[in-house]
Amino acid sequence: MTSRFTLWTLAAACVVSLAGTAWAQPSVITARRDGFKAMGANMDAIKVVVDARGDARPMAARVDEVVAYLGTIHGRFPEGSGTGDTRAQPAIWTNRADFDRVAANAVTAGQTLRTAVSANDPAATAAAFQALGGACGACHRPYRAR
């Protein structure tokens, strides 16, 4: 009888522990919203340097963060994550191939910005920053509610 009680107690403790871990994890929507906010903060900081035509090399880490986050976009919108506190439009899931294409274009634009920043070329950095903004807008217009 004691071993059966111990086994059930251990099993119950595992279930409670796993449930607590699941509850402690941020939702997919919260995680992606926080990630986009961080990406926006990086873009704002980069814009200051671009507008000043300053030395962009110190912005390389910020650009790397933007590019890295953009590379995770596909996985940030799993099926079923379009309801709740989100501005994601249903078109993300009904037109997934285009959504993924637009996200990939943003990654490419970010990589171009990274190259320009590394070269510390103000004109190329400004053009690449503008292109990245256009790539972001190409996703926002059809796939994000205003």
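Trainee: How do H2 and H3 pack, in angle and distance between axes?
Mentor: In this predicted model, H2 and H3 pack at an angle of about 150°, and their axes are 9 Å apart.

Trainee: Why give two values for that?
Mentor: Two packed helices are described by the angle between their axes together with the distance between those axes.

Trainee: Is the crossing of H2 and H3 left-handed or right-handed?
Mentor: H2 and H3 cross in a left-handed way.

Trainee: Which residues in H2 and H3 meet there?
Mentor: On the H2 side you'll find Ala-31, Arg-32, Gly-35, Phe-36, Met-39, Ala-41, Asn-42, Met-43, Ala-45 and Ile-46. They meet Arg-62, Val-63, Glu-65, Val-66, Tyr-69 and Leu-70 in H3.

Trainee: And how many of the residues in that contact of H2 with H3 are nonpolar, polar or charged?
Mentor: The contact of H2 with H3 has eleven nonpolar residues, two polar and three charged.

Trainee: OK, what about H2 and H7, what's their angle?
Mentor: Helix H2 covers residues 28–52 and helix H7 covers residues 122–143. They pack at about 145°, with axes 10 Å apart. H2 passes H7 in a left-handed crossing.

Trainee: Which residues make that contact?
Mentor: From H2 come Met-43, Ile-46, Lys-47 and Val-50, and from H7 come Thr-125, Ala-126, Phe-129 and Leu-132. The residues of this contact of H2 with H7 divide into six nonpolar, one polar and one charged.

Trainee: Back to H2 itself. Which of its residues are buried?
Mentor: The buried ones in H2 are Ile-29, Arg-32, Gly-35, Met-39, Asn-42, Met-43, Ile-46, Val-49 and Val-50.

Trainee: What covers them?
Mentor: The cover over the buried residues of H2 includes helix H3 (60–70), helix H4 (73–76) and H7.

Trainee: How far does H2 reach, end to end?
Mentor: H2 has 25 residues and reaches 36 Å from its first C-alpha to its last, close to the 36 Å expected at 1.5 Å a residue.

Trainee: How does the span of H7 look?
Mentor: H7 has 22 residues, so at 1.5 Å a residue it should span 32 Å; its end C-alpha atoms are 31 Å apart, which agrees.

Trainee: Which residues of H7 are buried, and what covers them?
Mentor: Thr-125, Ala-128, Phe-129, Leu-132, Ala-135, Cys-136, Gly-137, Cys-139 and Tyr-143 are buried in H7. Their cover includes H2, H3, helix H5 (91–94) and H6.

Trainee: New topic: where does Arg-96 sit?
Mentor: Arg-96 lies in helix H6, residues 96–119.

Trainee: Zooming out, how many helices and strands does the chain have?
Mentor: The chain has seven helices and zero strands. Of its 146 residues, 29% count as buried. Among contacts between residues at least 6 apart in sequence, 68% join residues at least 24 apart.

Trainee: What's the mean pLDDT of the chain?
Mentor: The mean pLDDT is 87, and 82% of the residues reach 70 or more. Over residues 7–25, though, the pLDDT is below 50, and this stretch has zero contacts in the model beyond near neighbours in sequence.

Trainee: How should I read a stretch like that?
Mentor: Where pLDDT is low, the predicted coordinates should not be read in detail.

Key: Residues are numbered from 1 along each chain as its sequence is written. This is a predicted model: local features need pLDDT of at least 70, side-chain atom pairs count only at pLDDT 80 or more; totals for chains, interfaces and linings use all residues. Side-chain values use heavy atoms; hydrogens and water are left out. Axes are lines fitted to C-alpha atoms, for helices over the stretch in contact, and angles run from 0 to 180 degrees between N-to-C directions. Helices (H or I, at least four residues) and strands (E, at least two) are DSSP runs, numbered from the N terminus. A crossing is left-handed if the near helix is turned anticlockwise from the far one by less than a right angle, and right-handed if clockwise. Contact means heavy atoms within 4.5 Å. Ala, Val, Leu, Ile, Met, Phe, Trp, Tyr, Cys and Pro count as nonpolar, Asp, Glu, Lys and Arg as charged, and the others, Gly among them, as polar. pLDDT is the predictor's confidence in each residue, from 0 to 100. The expected span of a helix is 1.5 Å times one less than its number of residues. Buried means under 20% relative accessible area, exposed over 50%, partly exposed in between (1.4 Å probe, protein chains only).
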